[in-house]
Amino acid sequence: SEARCSTAPQFVTLVDLSTTRKAAQEDSRSRGRIEGLVYRLSLPHRRRHTLKITRIDCHVLLDPDFDIGSTSSAQDDIVVEIHTDEGLTGIGETDVNPWIARACIEAPGTHTMGLGLAEMLLGQDPLDVEAHWERLYVGSAMNGRRGAVINAMGALDIALHDLRGKALGNPCHELLGGARR
């Protein structure tokens with residue numbers, strides 16, 4: 001029989017340590033290391049392997065009644081889906097010419113500073129969102145870090161954050177530090 005990996009979610013809880021600071025300070029190992037908010041990660045079931053990005057789909061959306069003479073960016077959009085080997089999908093989007101953004105994502109690279117965005121993510125663990133941003137930023141240096149490329153990277157970043165939220169069982173805003181007023 002084939003071994004299956006656990007798809008049980010991991011849970012991240014935002015903890016305000018100001019209420020537990022006194023108790024933590026009594027523990028000499030914690031003294032001086034408690035500041036503000038931290039994430040407490042509890043793993044009810046450990047994964048047997050790391051999630052892997054298996055596919056990235058780009059969907060160009062266009063209003064059927066678009067007016068080429070209009071100055072409205074609400075007529076088109078690109079939606080990006082990042083899929084994993086465990087069936088999770090993260091969704092992102094950006095408001096730039098969708099055909100150009102799709103080309104930035106799908107184009108193959110020719111050297112280490114001119115890589116295609118999708119090829120830098122395929123096979124990677126989608127939960128390491130911040131490292132992916134750095135990899136995308138450095139790996140696309142020769143492709144341009146303004147305009148369409150940075151917008152395409154933003155769509156992928158949104159999809160990665162969405163995917164991490166789904167994998168950990170928490171909404172993205174909580175993983176980014178919680179709601180603010």
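T84 is in contact (heavy atoms within 4.5 Å) with L51, K52, I53, T54, P126 and L163, leaving aside its neighbours within four places in sequence. This is a predicted model: local features need pLDDT of at least 70, side-chain atom pairs count only at pLDDT 80 or more, and totals for chains, interfaces and linings use all residues. Residues are numbered from 1 along each chain as its sequence is written, and side-chain values use heavy atoms, with hydrogens and water left out.

**T84 and its strand**
- T84 lies in strand 4. Strands (E, at least two residues) are DSSP runs, numbered from the N terminus.
- T84 has 6% relative accessibility, so it counts as buried. Buried means under 20% relative accessible area, with a 1.4 Å probe and protein chains only.
- Strand 4 covers residues 76-84. Seven of its nine residues are buried, so the strand is largely enclosed by the rest of the structure.

**Pairing with strand 3**
- Strand 3 (residues 53-62) pairs with strand 4 in the antiparallel sense, over nine bridges. Two strands pair if DSSP finds at least two bridges between them.
- D76 of strand 4 stands opposite L62.

**Pairing with strand 5**
- Strand 5 spans residues 89-94 and runs antiparallel to strand 4. Six bridges join the two.
- E81 has I91 in strand 5 as its bridge partner.
- T94 in strand 5 stands opposite I78.

**The turn**
- Strands 4 and 5 form a hairpin, with four residues between them.
- G87 sits in that turn and has a positive phi of about 85°.

Note on methods. Buried < 20%, exposed > 50% of the residue type's maximum accessible area, 1.4 Å probe, protein only.
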